[in-house]
Amino acid sequence: MTNQNNAVPQPDNGEQSTSVLPQYPQPSYPGTSEQPTPAFPQFPQTTQPDNSIPPAPVDLYQHQSDQQQFSEQQMFNVPPGAPAQPNQSNARNSHVSTKDKKPLWKKWWFWVIVVVVLAAIGSALGMGEGDTGAQDMDLSATPSKVPGATTDQQEPEKDPVLQSITATYTGSTDAGTSVDINSFSITGTYDDGSVDSVEGCTVSNPGALVGEQATTFTIDCGGVTTNVVVTGVTPVPIEYQNALVKANQYSDMMHMSKQGIYDQLVSEYGEQFSPEAAQWAIDHMTADWNANALQKAKDYQDMMAMSPAAIYDQLISEYGEKFTPEEAQYAIDNLNK
């Protein structure tokens, strides 16, 4: 098969051969007298001699180059038939080559890569401090979480108001003891229902206790007051205390009467206590005198086999047990029970 692109049709009657490529109308440009150069190269017109010598074959390589130049002109919107730009392809290639030869740091994409790399490094370094920064940001962004800070929805916390107080005396009751605020334990009740100790109170009338006399002290805690009554006690001498010990021993071991114990305490043949010490001991005893009389009656009955009448006389005799008639009668009535 013959390639139609490789041969040029032969004229029949010696007429001039036509160009292989189509001819486009040549545009005219106002303001210039020069004739535009055709967009494509014009091949020389050949004539057919009389002897019908065939025309020379067309250079295929040159033909392909012309077609490529035509395609490039279409790519750059060169209108058909426009004047060919002088060495347009070479100029474009030269321009591209000049751009490619710029230093690396002058290229825009180089700085884009640098910015991306620096951002990645900064992000990696900040990961370890991310939680601390977030916590700091939360604290600074939420002042309501800081102690003492308030918001529009939350009112400042108010201290409870003292409503009443209760004071207890904790000092000595001995006569002559000085009483001040340190002698009391004070507890307050507040408006929120809580109960707690109160500090900073005072005693309106501090002073010393008087023996066997009650003194009222006023406690003041910021306008809330209460009264405490304290009775002074005269200190008991050692003699008095010893007389009480002896009196209880006579009562518990020998079941003696009140009068009998007193006589034994003051007797010059007995304990020889002063009458005041003996009387103070008798007044502070807690003995059951009826029980003592009954126990004494049983001793007389069991040990001496005495009759109830004789036992009664022995119980009330001033030379005997010195019980009262009421105590002796109680013993007789309960002797055999």
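**Entry 1: Glu212**

I began with Glu212, which counts as exposed because its relative accessibility is 60%. I noted the cut-offs: buried means under 20% relative accessible area, exposed means over 50%, and partly exposed lies in between (1.4 Å probe, protein chains only). Glu212 sits in the loop between β6 (207-208) and β7 (214-221). I then checked its backbone. Glu212 is not a glycine, yet its phi is positive, at about 60°.

**Entry 2: What I am looking at**

The model is predicted: local features need pLDDT of at least 70, side-chain atom pairs count only at pLDDT 80 or more, and totals for chains, interfaces and linings use all residues. Residues are numbered from 1 along each chain as its sequence is written, and side-chain values use heavy atoms, with hydrogens and water left out.

I looked up the overall make-up next. The protein chain has ten helices and eight strands. Helices (H or I, at least four residues) and strands (E, at least two) are DSSP runs, numbered from the N terminus. The chain holds 337 residues, and 22% of them are buried. Then I turned to contacts, meaning heavy atoms within 4.5 Å. Among contacts in the protein chain with a separation of 6 or more, 50% join residues 24 or more positions apart.

**Entry 3: His255**

I looked up another positive phi. His255 has a phi near 55°, and this residue is other than glycine. His255 lies in the loop between α5 and α6 (258-266). Is His255 buried, partly exposed or exposed? Its relative accessibility is 21%, so His255 counts as partly exposed.

**Entry 4: The loop between β1 and β2**

I moved to Thr177, in the loop between β1 (162-169) and β2 (178-179). Which backbone oxygen does the side chain of Thr177 reach? I found that of Asp174, at 2.7 Å. This is a polar contact, a pair of N or O atoms within 3.5 Å; within protein, one must be able to donate a hydrogen and the other to accept it, and residues adjacent in sequence count only if both atoms are side-chain atoms. Not counting residues up to four places away in sequence, Thr177 touches Tyr169, Ser172, Gly207, Ala208 and Leu209.

Ala175 is also placed in the loop between β1 and β2. Its relative accessibility is 30%, so Ala175 counts as partly exposed. I followed Ala175 to Thr234. They are 59 residues apart in sequence, but 5.1 Å apart in space, C-alpha to C-alpha. With neighbours within four places in sequence left aside, Ala175 is in contact with Leu209, Val210, Gly211, Val233, Thr234 and Pro235.

**Entry 5: α5 and α7**

I took a helix pair next. Helix α5 covers residues 238-254 and helix α7 covers residues 275-283. Their axes come within 8 Å and cross at roughly 55°. That angle makes α5 oblique to α7. Axes are lines fitted to C-alpha atoms, for helices over the stretch in contact, and angles run from 0 to 180 degrees between N-to-C directions. Angles under 35 degrees count as roughly parallel, over 145 as roughly antiparallel, 65 to 115 as roughly perpendicular and the rest as oblique.

Which residues meet here? From α5 I listed Glu239, Tyr240, Gln241, Ala243, Leu244 and Ala247; from α7, Glu276, Ala277, Ala278, Trp280 and Ala281. The residues of this contact of α5 with α7 divide into eight nonpolar, one polar and two charged. Ala, Val, Leu, Ile, Met, Phe, Trp, Tyr, Cys and Pro count as nonpolar, Asp, Glu, Lys and Arg as charged, and the others, Gly among them, as polar.

**Entry 6: α8 and α9**

I repeated the check on helix α8 (residues 289-304) and helix α9 (residues 308-316). The axes of α8 and α9 come within 10 Å and cross at roughly 130°. Therefore α8 and α9 are oblique to each other. Ala293, Lys296, Ala297, Tyr300 and Gln301 in α8 meet Ile311, Gln314 and Leu315 in α9. I sorted the residues of the contact of α8 with α9: five nonpolar, two polar and one charged.

**Entry 7: Asn334**

I finished with Asn334, in the segment after α10 (325-333). Asn334 counts as buried because its relative accessibility is 17%. The side chain of Asn334 reaches the backbone oxygen of Tyr330 at 2.7 Å. Not counting residues up to four places away in sequence, Asn334 touches Leu294 and Lys298.
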